[in-house]
Amino acid sequence: MMGSDRPPTGHDVELAALAAAGDRKAFGELVRRHGSAVRGLLRRLGADPATADDIAQDAFMIGFEQIADYRGEGAFGGWIKKTAARLYLRRIKRDARLVFAEAPDRGDEPAPQVSAADRMDLDEALKTLSRAERLCVSLCYGADWSHSEAAQALNIPLGTVKSHVKRGLDKLRARMAPGGGAGAVSNDSERREGHG
Amino acid sequence: MAEPDFEAQLSRLFDRPPSLGDAEQFAARVTQRLERGWAIRRIAIGATGVVAGLAAAAQLISSRFSAEFSSMSHEGAQKLDLGLDKVLARYDLGSLGSSETVWLAVALALAAVAFAVTRLVDEV
């Protein structure tokens with residue numbers, strides 16, 4: 001496989017095992033498969049496209065170095081996305097840009113007219129969230145972190161993370177699913193809280 | 001839409017990667033960086049090996065010469081030792097001990113530099 005120009009095929013776990021044995025082409029295939037997802041997550045977390053690409057590259061480089069630690073218990077995509085999210089948080093902490101000031105509540109403002117096509121556009125909807133809400137929602141739903149993992153990584157109380165997630169979800173629901181109920185507690189929420 | 005449905009849909013939307021036009025270029029950049037890092041590492045390891053090999057060879061040759069001189073002429077060997085002493089004294093290395101110690105120190109220094117360079121390359 002190492003001598004062939006054809007990209008390696010197979011399941012992510014098989015490619016990861018090949019990469020752990022030093023097969024860089026196998027890892028390249030993993031990058032091809034998951035690159036956009038990682039870059040997309042970083043953008044959704046709030047990184048500008050250039051920064052997102054830089055961090056995604058670093059995440060994959062670290063991923064290659066630590067590929068032996070990935071034993072296929074979860075999806076490779078989830079594993080590398082967690083690495084990327086951790087790198088992003090480290091970057092914004094280093095740049096001292098992690099400020100959790102409450103954004104002014106725009107709840108009284110009339111909801112903007114949203115077309116059906118835009119309704120399911122997650123990226124556009126995320127832009128309506130405050131920085132903290134966006135970060136918490138994207139970490140918990142995009143990188144599959146539990147609330148407590150997010151609280152620990154962000155160094156903020158667990159309750160604050162839950163509030164940011166709840167407010168963020170309310171805003172997303174209002175934009176993306178205007179007819180949705182607001183009071184129910186989902187299994188998904190319980191699962192995320194259960195991690196903590 | 002009920003709340004559980006909405007959250008499940010949200011998770012699905014997050015799982016769906018955005019369609020980025022330069023996905024292939026991105027993958028190529030990462031692969032290139034991997035290859036470059038690998039090549040530099042190989043060169044660094046190779047260079048360290050060459051230096052260590054040269055050092056070992058020099059040691060071997062010098063010790064053999066010394067032994068031959070010694071067998072040929074005790075006086076010659078004394079001169080050789082005297083010359084070495086002069087060199088050590090000139091560079092103030094006499095306090096370090098025998099020539100083996102110097103070579104060992106050089107080898108360790110080279111290994112340390114090679115390690116530092118490798119780490120630096122990793123960091124950059």
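Buried means under 20% relative accessible area, exposed over 50%, and partly exposed in between, with a 1.4 Å probe and protein chains only. Helices (H or I, at least four residues) and strands (E, at least two) are DSSP runs, numbered from the N terminus. This is a predicted model, in which local features need pLDDT of at least 70, side-chain atom pairs count only at pLDDT 80 or more, and totals for chains, interfaces and linings use all residues. Residues are numbered from 1 along each chain as its sequence is written, chains are lettered from A and ligands numbered from 1 in the order in which they are written, and side-chain values use heavy atoms, with hydrogens and water left out.

**View 1. The buried face of helix α1 of chain A.**
Helix α1 of chain A spans residues 12–20, and its buried residues are A:Asp12, A:Leu15, A:Ala16 and A:Ala19. They line one face of the helix, because they fall within an arc of 100° when seen down the axis of α1(A). The arc is that of the directions from the helix axis to the C-beta atoms. The buried residues of α1(A) pack against α2 (24–45), α3 (49–65) and α4 (76–94) of chain A. Contact here means heavy atoms within 4.5 Å. Just after α1(A) comes A:Gly22, with a positive phi of about 100°.

**View 2. Two non-glycine residues with positive phi.**
A:Asp144 has a positive phi of about 60° and is not a glycine. A:Asp144 sits in the loop between α7 (131–142) and α8 (147–154) of chain A. Its relative accessibility is 40%, so A:Asp144 counts as partly exposed. A:Asn155 also has a positive phi of about 60° without being a glycine. The loop between α8 and α9 (158–176) of chain A holds A:Asn155. A:Asn155 is exposed, at a relative accessible area of 67%.

A salt bridge is a side-chain nitrogen of Lys or Arg within 4 Å of a carboxyl oxygen of Asp or Glu. By this rule there are 16 salt bridges over all chains. One of them joins A:Glu29 to A:Arg32, with the closest N and O atoms 3.2 Å apart. About one helical turn separates A:Glu29 and A:Arg32, because they are 3 residues apart in helix α2 of chain A. A:Glu29 is buried, with a relative accessible area of 13%. A:Arg32 is partly exposed, at 32%.

The side chains of A:Glu149 and A:Lys82 meet in a salt bridge (4.0 Å, N to O). This pair links distant parts of the chain: A:Glu149 lies in helix α8 of chain A and A:Lys82 in helix α4 of chain A, 67 residues apart. Both partners are partly exposed: A:Glu149 has a relative accessible area of 35%, and A:Lys82 has 24%.

A:Asp170 and A:Arg173 meet through their side chains in a salt bridge (2.9 Å, N to O). They are 3 residues apart in helix α9 of chain A, so about one helical turn separates A:Asp170 and A:Arg173. A:Asp170 is partly exposed, with a relative accessible area of 26%. A:Arg173 counts as buried, at 4% relative accessibility. Elsewhere, salt bridges that share partners join A:Arg39, A:Arg43, A:Asp53, B:Asp22 and B:Arg29 into one network.

**View 3. The interface of chain B and chain A.**
Chain B has 4 helices and 0 strands. Of its 124 residues, 16% count as buried. The contact takes 28 residues from chain B and 42 from chain A. Together the chains bury about 3,400 Å², 62% of it on carbon and sulfur atoms. Buried area is the accessible area (1.4 Å probe) that two parts lose on being put together, summed over both. The interface has 4 salt bridges. B:Glu35 forms a salt bridge with A:Arg24, with the closest N and O atoms 3.2 Å apart. On the side of chain B that touches chain A, the elements that give two or more residues are α1 (3–15) and α2 (23–72) of chain B. α2(B) gives the most, with 12 residues. The residues of that side divide into 15 nonpolar, 3 polar and 10 charged. Ala, Val, Leu, Ile, Met, Phe, Trp, Tyr, Cys and Pro count as nonpolar, Asp, Glu, Lys and Arg as charged, and the others, Gly among them, as polar.
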